[in-house]
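Load the coordinates and keep the sequence beside them. The walk below starts with confidence, goes on to the fold and ends at the chain contact.

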Amino acid sequence: MQGFWRRFLRNPRVALGLLWLAFIVALAVGAQIFAPVSPFAIVAKPFEPPLGDFLFGTDSLGRDLMSGLIHGARTSLLIAIIATLAAVAFGTLVGALAGFYGGFVDDALMRITEFFQTIPSFIFAIVLVAILAPSGTSLVIAIATVSWPPIARVVRGEVLTIKSREFVQAAIVAGQRDIAILLGQVLPNTLSPLIVIGSLLVANAILIESALSFLGLGAPNLMSWGFQIGAGRPFLRDAWWLVTVPGVAILLTVLSINLVGEGLNDALNPRLRDL
Amino acid sequence: MGSARLLRYVVRRLLQAVPVVLGVVVLNFLLLQLAPGDAATVLAGEAGGAPLEYIQQLRQRFGLDQPVLVQLVHYVKNILTLDLGYSFRNASPVLPLILARLWPTLLLMGMALFISVAGGVVLGLLAAVWVRSWKDHVISVVAIIAYAMPLFWVGLMLILLFSVKLDWLPTSGMEDAAAFYEGWERVIDIARHLILPSITLSLFYIALYARLMRATMLDQRGLEYVTTARAKGLTEEQITLRHMLRNALLPVVTVAGVQVGSLLGGSVVVESVFAWPGLGQLAFQSLFARDLNLLLGIFFISSCLVVAVNILVDVIYLLLDPRIRVG
């Protein structure tokens, strides 16, 4: 375990990623303190350029861009994390059942998983949000629905290899119930690949959320980075900062999560490091 | 391989695709059930201003007074006979609306697929040749950044740079409608409009394939056939280009085939940024008009498209790699 933390934290890419993530998480948690005024409130003239009274200027309605960025961090992270947790829970359930029981259950569940991997997932997410009506909950449902298949496949693969190991066979012989074996013996051993994929899914969830919000499918009462870009887009010619700044925020956040996720992967599987 | 066996393989793949297509139809039906109001109001385009008699007529036609299972059978039968309904917003049946938008999307996707595979393979190859040098690091850092950029934002940034600031390329559309170009001039005009959208759509995949290509190339280094080639006295250049490149290409082709669905999803965003008149923009417009039936039709047709392209990629793969035997 000590070796893991040393390998993980000594990686400069991980350190950079963690630094930015810590900053964003602090902003998201303390959004009310750092930006007490509602991000939808009109505070000044429209199109104030950056570095004036407001660090990143104001948008077409005179809303403070910085305040929107801070509250947007909260929206993006919250939706991405909840959606990923839901996807991990569902994917783990499907993968564990398929891998553990095999046979017909496995066939049926894997066909369904493949089906969800085949259909164009972003279009499916759009259809889902459009039908459920745009809201935070719809975003979470849509993102989770298109994100679980890779989790199910990985968990199934892990369960298949772990199932044949001696300690699991021993638990079966000892007469433990299926659910106890799954929860107590099998699933804890699938944790490390789950953590890696889960972290990369958070990055993906942020990208999906921002794209949906950009298309006007975001939660109407929540400020988000994708919404800011969508709102600034008609003024690209004259107010470049409205589109550029929130995009950089998305880029840096997704990049940081990817770096940390890859660092986790390297640290958990030291043998793969040379790839 | 004999053409009879190839044909048998294609037929088998088509049969395997049937449950997927049926699944999408059932999924569409379930989504319709989820929507507020009954299916008739949704099919009529909600606020689309469909006459009340039409809605009544729809209720009867879909048997909405009958059990859900009967409704499902009705729905499946309609879709499978390619009756995707009518869009009041556009005053046209859904199917021709979608088909008219198909080829611009195919053009954009095809171009993006080509750029991403070609760019990814070249960059990944170079990174593997220059492994652990500063050039390798530059490629990998650029790839990691490209991997994290939201598509729609890349598009807007490219517009800002190449259209607004430099004024080199057009901002939107597929051709200059006012110019009435014909023949080659029209082709060149469309090509100029195609540059920014296709680059936007391919950046993410260039990064993905470059990383994959680099990893596979490095994997190949230690394999026996490389040692054999080296023992034969081939130069490193010959080994890399004639032997390793061909083997490393296969995983990229596989992944490129798998990514077609996500490429189609990405094109929705890219088309709405560049006002590219394809399926994605139609989806975007139907969102705003709350024309759910049109949206479901687009989802159905694009799923069929993905299934078809997947089969096509598998067939190409089969022809490329003689080691794969058809069972």
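Start with confidence, since this is a predicted model. Within chain A, helix α1 (residues 2-10) has the lowest confidence, with a mean of 74. Helix α7 (residues 136-163) of chain A has the highest, at 90. The average pLDDT for chain A is 84, and 94% of the residues score at least 70. Where pLDDT is low, predicted coordinates should not be read in detail.

Now the fold. Chain A contains 12 helices and zero strands. Along the principal axes, the C-alpha atoms of chain A fill a box of roughly 75 × 45 × 35 Å. Chain A has 275 residues, and 48% of them are buried. Take the contacts in chain A between residues at least 6 apart in sequence: 67% of these join residues at least 24 apart.

Next, look at one helix pair. Two packed helices are described by the angle between their axes and the distance between the axes. For α10(A) and α12(A), the axes come within 9 Å and cross at roughly 170 degrees. Angles over 145 degrees count as roughly antiparallel, so α10(A) and α12(A) are roughly antiparallel to each other. On the α10(A) side, the residues that meet α12(A) include A:Ile195, A:Ser199, A:Val202, A:Ile206 and A:Ser210. Among their counterparts in α12(A) are A:Ile250, A:Val254, A:Asn258, A:Gly261 and A:Leu268. By class, the residues of this contact divide into 13 nonpolar, seven polar and no charged.

Which helix is hardly covered? Helix α8 (residues 166-173) of chain A is: among its eight residues, the count of buried ones is zero. Just after α8(A) comes A:Gly175, with a positive phi of about 85 degrees.

Finally, turn to the partner chain. How many residues of chain A are in contact with chain B? The count is 31 residues of chain A, against 42 residues of chain B. Four elements of chain A give two or more residues to the side that touches chain B: α5 (103-118), α6 (121-132), α10 (191-214) and α12 (241-268). Of these, α6(A) gives the most, with nine residues.

Terms used: Residues numbered from 1 in each chain as written. Chains lettered and ligands numbered in written order. Predicted model: local features only at pLDDT ≥ 70, side-chain atom pairs only at ≥ 80, totals over all residues. Contact = placed C-beta atoms within 7 Å. pLDDT = per-residue confidence, 0-100. Buried ≥ 20, exposed ≤ 12 C-beta atoms within 10 Å, placed from the backbone. Axes fitted to C-alpha atoms, helices over the stretch in contact; angles between N-to-C directions. Parallel < 35°, antiparallel > 145°, perpendicular 65-115°, else oblique. Nonpolar A, V, L, I, M, F, W, Y, C, P; charged D, E, K, R; others polar.
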